[in-house]
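Here is a short briefing on one model.

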Amino acid sequence: MAKVTITVNGEARTVSVPPETTLLKLLREHLNLTGAKLGCDVGDCGACTVIVNGKSVNSCLMLASQVDGFDVLTIEGLATTDQLHPLQTAFEEKGSLQCGFCGPGVIMSAKALLDEEPDPSVERIRDALAGNLCRCTGYSKMIEAVQAVANSVNSHPSVKSA
Amino acid sequence: MEKKTVVAEKSAPAQALLESVELELLRAPALAPLSPLPLEVLVPEARQQTPAVGQRATRPDGRLHGLGQTKFIDDFYLPGMLFAKIKRAGVASARIVSIDTKEAEAMPGVVAVLTGAEIPCNSFGPSLKDQPVLADTRVFHAGDGVAAVAAVTEQIAAEAIEKIKVEYEMLTPVLDPLESLKLETPGLHAPNPNIYGHKVIKKGDIAKGFAESDHIFERTFRTQMVEHVPLEPHASVATWDANGRVTIYSTLGRITLGRSDVARTLGIPMSRVRMISTIVGGNFGGKNEITTEPVVALLSKKTGRPVKCLFTRPDEFISSTTRHPLIMDYKTGVSKEGKILARQIRLVLDGGAYCSWSETTLGKACILSAGPYNIENLYAEAFVVYTNKTMTGAMRGFGAPQVCFAYESQMDDIATALKIDPMEIRLLNAFTNGSLSPTGQTLHSVVVKETLIQAAQRFGWNGAPS
Amino acid sequence: MRAFDVVTAKDSRHAVALLAEHAPTAKVIAGGTDLLADLKFSSHGPAMVVDISRVEDLKAITITDEGLSIGALVTHTAIMRSPIINDMFPALVHAAHTIGAVQTRNLGTLGGNLVTGVPSMDSGPTLMALEAIIVILSPAGRRQVPMAEFFLGPRKTVLKPDELLAEILIPKQNLGKPTHFLKFGLRKGQALALVSAAASVWVDVDTQICSAPRISLGAVAPTVIRAPKAEAHLDGRPLTADAMAEAGRIAASEAKPISDFRASAGYRRELVAVLTKRALEGAYELAKTKRRGA
């Protein structure tokens, strides 16, 4: 068994898992964080996207032991007790998600982008979401939502990051 | 009577909402606000724009989706739950000589093995009951399940199905639908013929129409097989209670139909089957029939434990339904002005190994095959045939996109040959209010021409009439 | 995924030692984007996986006496953000950008892309057009293999089970060499290359005569290949539109594409001619105003 200690959504957790356990399995099956989804299990669909040390990754393509000591942010870590993350608000208001299965991954990709680039062009948003497949709504409302957040972040610098 | 309508108000921004609720509530799981729905039943009138058009609607479940709190089937766990895997045949056509499960059964962690011979009624289907739950004597396509294993982990189940040895007597597969269409080709599901659905639509006199035509265009169009690729794979979980009732959680979109198929395959009355549809992570027609449900139900019965089966992405591609590939022969006679005088169509639908929703697809494809055009003389004929391939079934439009590709491609062929603007030839032939459909239905609220003109203007089509 | 054990290497020396200890049944994991995708549905897993993702000494991008050294563990994202590479080889940045999507580029490494040995690899053509050298570590020491000799066939390289790809070296004489890379796939996002092409060339600013033209092609042979006849056609000549178009046609005759469900061999061959010409045009555009060594 591999002993893995990670900081997940700000809280330290230590888990013993079989060595072949992926980060996705660690999150879903050992930490009960089921927001990241298993869609293809080979890094094509992006439903399992989480942020590791500030970078968006496919959690199905990382071994749990590879994130030992790292900082992991999942969709469950975005909303706080007193407010939704601006992306979650925007995705809700713009109707960006239909079945919702791809949603957590899409929002995490968007968050990773906005953390580095508060005011991305549409081209950059499209590039950032290219690794997240959606079969229901199409991508335009997601891009609209990310743009809306980018614009509001720009006009209110104080709400830059949650 | 004056109609009063209530339109759902745009939901208040989360910030405003937050000020009005106890802040602690939002940690998880947050609840979506109630949405004021219209209380009066709207009776839409033809040509009248309903108030919903042009409004932005938010989904009541949008917030939970964004929070990652929507519970899909793979997001919950029942205590003691086992994981099932289904072994795929991997061969397109074969007779099963023997299935040896001993080695798999002896593996530590394996709790039960299931084969087709143990299934009370090993056939199901939305119309023809021609699909086995697990193939027991005959394999009809490579994605057929031949055995299933329930184990304490998914990993052990996956390893165990590889230890199951199946001996096959290989048969020559029929892969080409045109080959299958020939009467001399042996029936896959003999004694039933390979052509398992047929439809003809006749109108006017095509011989006369072609004789009067200045030009005749002939071409064959083909479309490919398409998988729905729902982001969420097919899955189900079954658990029995002490009263002999089974509860099945499933990603199924057609829960009622699934319930009768499950009852049939398990050989128990419907009243003993409780089906719970979980939030469906994408359907598109691909989750319209049962897949793993009887397997998990029987494995659960054997083990006395809840059993889950989740398709892998490869399972999804080879063992769930797909969109029908069509071979479409079009012959169209037109006047020198481009008016369609006669059209003859033959559609051959590749039905794959089992019927599934082929009959529905066949009917819709045939009815729509002439296109939204006034054609006095029409003969459309459609066949659906078995082949030793992944079965084809319901998918977005039931055959409509395939024939649309064919008839619109041919309209472009005709326009190019006659040097007529592609818009103009469509406006010349398009349905108007009161046009008769190929099956003789009088059509109302027809706005084909208006739609075309508006669309052409909006995207700046050169030939767009001003 | 089958059960396996994982050992984590602290540095490259440790990685080589672990690999020597566990070869030949061990697999190396770096970014994992290819390895784990392969192992997920495979019935034969390795007994041991050597995790080199924490080997910091293979993550550097530096100019050395030998040339530009890119550590095998440099991610595609790191290549895209490296000021040195952006300055010297925008083509490498572009090639990195065509790989997968953000998530896979954040994980996937340059060395990992090369060891797959697949003919459609996006990093291959540019590096081959720059005559890159592969630096390999093993218990026997350090050896260098020219890129053109690194690949043996589809998914086959010269790497032995106890050898580790450590760095990719772009030789000194090619630093800043004008290079252009093009990839053609069925879609923009996350597509495999139907054909990819890279060209590098020096042009004498005064005479506009070209020298050392290098053309490399992806996805049209069992490995990434060079197109030596097309190169020879251009060497010592001015890069006229005709000359570049002809080089494209020659390159097409040197390619050995196959037909599969993505495209026919004939279509791929046409693409080779077009992409080679355009890659040459792109490299020429950079080259005609750039003085060698400047």
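The radius of gyration is taken over C-alpha atoms, and the globule rule is 2.2 Å times the number of residues to the power 0.38. For 294 residues, a compact globule would therefore come out near 19 Å; chain C has 19 Å, which agrees. This is a predicted model.

**Chain C overall**
- Chain C holds 12 helices and 14 strands.
- Its C-alpha trace spans about 60 × 45 × 30 Å along the principal axes.
- Of its 294 residues, 53% count as buried.
- Take the contacts in chain C between residues at least 6 apart in sequence: 66% of them join residues at least 24 apart.

**A sheet in chain C and its helices**
- Four strands form an open sheet in the order S11-S12-S13-S14 (chain C), with antiparallel pairing.
- Strands S11 (179–185) and S14 (225–226) of chain C are the edges, each pairing on one side only.
- S13 (residues 210–218) of chain C is joined to S14(C) by 2 bridges, and the two run antiparallel.
- Ser216(C) stands opposite Arg226(C) in S14(C).
- Helix H5 (residues 90–97) of chain C packs on the sheet and touches S11 and S12 (193–203) of chain C. The direction of H5 makes about 20 degrees with that of S11(C).
- Helix H12 (residues 265–287) of chain C lies across S11, S12 and S13 of chain C, at about 30 degrees to S12(C).

**Contact between chains A and B**
- Chain B gives 34 residues and chain A gives 33 residues.
- On the chain B side, helices H1 (14–20) and H2 (62–67) of chain B are the elements that give two or more residues.
- H2(B) gives the most to that side, with 5 residues.
- By class, the chain B side has 14 nonpolar, 10 polar and 10 charged residues.

Note on methods. Residues are numbered from 1 along each chain as its sequence is written. Chains are lettered from A and ligands numbered from 1 in the order in which they are written. This is a predicted model: local features need pLDDT of at least 70, side-chain atom pairs count only at pLDDT 80 or more; totals for chains, interfaces and linings use all residues. A residue is buried if 20 or more other C-beta atoms lie within 10 Å of its own, exposed if 12 or fewer, and partly exposed in between; C-beta atoms are placed from the backbone. Two residues are in contact if their C-beta atoms, placed from the backbone, lie within 7 Å. Ala, Val, Leu, Ile, Met, Phe, Trp, Tyr, Cys and Pro count as nonpolar, Asp, Glu, Lys and Arg as charged, and the others, Gly among them, as polar. Two strands pair if DSSP finds at least two bridges between them. Axes are lines fitted to C-alpha atoms, for helices over the stretch in contact, and angles run from 0 to 180 degrees between N-to-C directions.
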